[in-house]
Amino acid sequence: MKSKSLLGRYFKKKSRNKQACLAIFADSITVAHESGQEWITESIATSTAGEWATAITSLLTKHQLDGSALRLVLGHGLYQSMLIEKPELPREEYSTALPFLVKDLVNESPLELVADGFPAPLKDRLQVFVTNRSQVEQLIQICSDAGCEVMTISAEEVVWGQLTAPSLSQLVLHCRRNASLQLTAFKQREMCFQRQLRGFPSP
């Protein structure tokens, strides 16, 4: 999928001079933006989704990012990823059809889901990402209230792929704080699969 939006139908095509990234994790919100010749990052700890608005507004205000185009990245625990057989559907119908195609693999109603996907390097498979619709709408509204516009939403695993070599197949072992180790395989930056490794201490 490279850096394409998972949820493109939510967004308008507008150009904005300032750009920033917000990473939404289960326990924190992190902002990253370029200032001059360096990248600036800052995190605020959160314990519930009810704290997102305060944390996001505080970060955007502190870093003077009002009016920015934002890229949101959802961290582990805020989405599900799965491989399914590639449906015989036009690409533009994925966002509508996928919540129903994966309904037996998730616990929520298709009407409560937002889903998108891209062809996996594995033959005839589609890599699908699913998240809660109200969660996405909440984040978009918070950013809008702060004077910014969400341009793309992606998943943590997809972003990790941007750190791999564009011409190689590679494994990435990663974790956050006390979370379980994650092993993700990429082929030319396209995610092939990911596994959670239990019973291994974090290095």
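The model is predicted, so to speak of local features a pLDDT of at least 70 is needed, side-chain atom pairs count only at pLDDT 80 or more, and totals for chains, interfaces and linings use all residues. Residues are numbered from 1 along each chain as its sequence is written, and side-chain values use heavy atoms, with hydrogens and water left out.

**Overall shape and surface**

- You will find four helices and 11 strands in the chain; helices (H or I, at least four residues) and strands (E, at least two) are DSSP runs, numbered from the N terminus.
- The radius of gyration is 17 Å, close to the 17 Å given by the globule rule for 203 residues, so the chain is as compact as a globular protein of that length. Here the radius is taken over C-alpha atoms, and the rule is 2.2 Å times the number of residues to the power 0.38.
- Along the principal axes, the C-alpha atoms fill a box of roughly 45 × 40 × 35 Å.
- Of the 203 residues, 43% are buried (buried is under 20% relative accessible area, exposed over 50%, partly exposed in between, with a 1.4 Å probe and protein chains only).
- Among contacts with a separation of 6 or more, 58% join residues 24 or more positions apart; a contact means heavy atoms within 4.5 Å.
- The accessible surface is about 11300 Å², and carbon and sulfur atoms hold 51% of that surface. These areas come from the Shrake-Rupley method with a 1.4 Å probe; for residues, only the protein chains shown count as cover.

**The nonpolar cores**

- The largest nonpolar core has 31 residues, and Leu-22, Ile-24, Ile-29, Trp-52 and Ile-56 touch the most other members. Such a core is a set of buried Ala, Val, Leu, Ile, Met, Phe, Trp, Tyr and Cys residues joined through side-chain atoms within 4.5 Å.
- At least two residues of this core come from each of β1 (19–24), β2 (28–35), α1 (52–62), β4 (69–74), α3 (133–145) and β8 (149–155). Helix α1 gives the largest share, with five residues.
- A second, separate core holds 11 residues, including Ile-84, Tyr-94, Leu-113 and Ala-115.

- Ile-24 sits in strand β1 and is buried, with a relative accessible area of 0%.
- Beyond its neighbours within four places in sequence, Ile-24 contacts Ile-29, Trp-52, Ile-56, Val-73, Leu-74, Gly-75, Leu-78 and Leu-139.
- Ile-24 and Gly-77 are 53 residues apart in sequence and 10 Å apart in space, C-alpha to C-alpha.

**Helix α2 and its packing**

- In helix α2 (residues 94–101), the buried residues are Tyr-94, Ser-95, Ala-97, Leu-98 and Pro-99.
- These buried residues pack against β5 (80–85), β6 (113–119) and β7 (125–132).

**Positive phi angles**

- Most residues other than glycine have a negative phi.
- Gln-64 is not a glycine, yet its phi is positive at about 55 degrees. Gln-64 belongs to the loop between α1 and β4 and is exposed, with a relative accessible area of 64%.
- Arg-189 also has a positive phi, near 70 degrees. Arg-189 lies in the loop between β10 (181–187) and β11 (190–197) and is partly exposed, with a relative accessible area of 28%.
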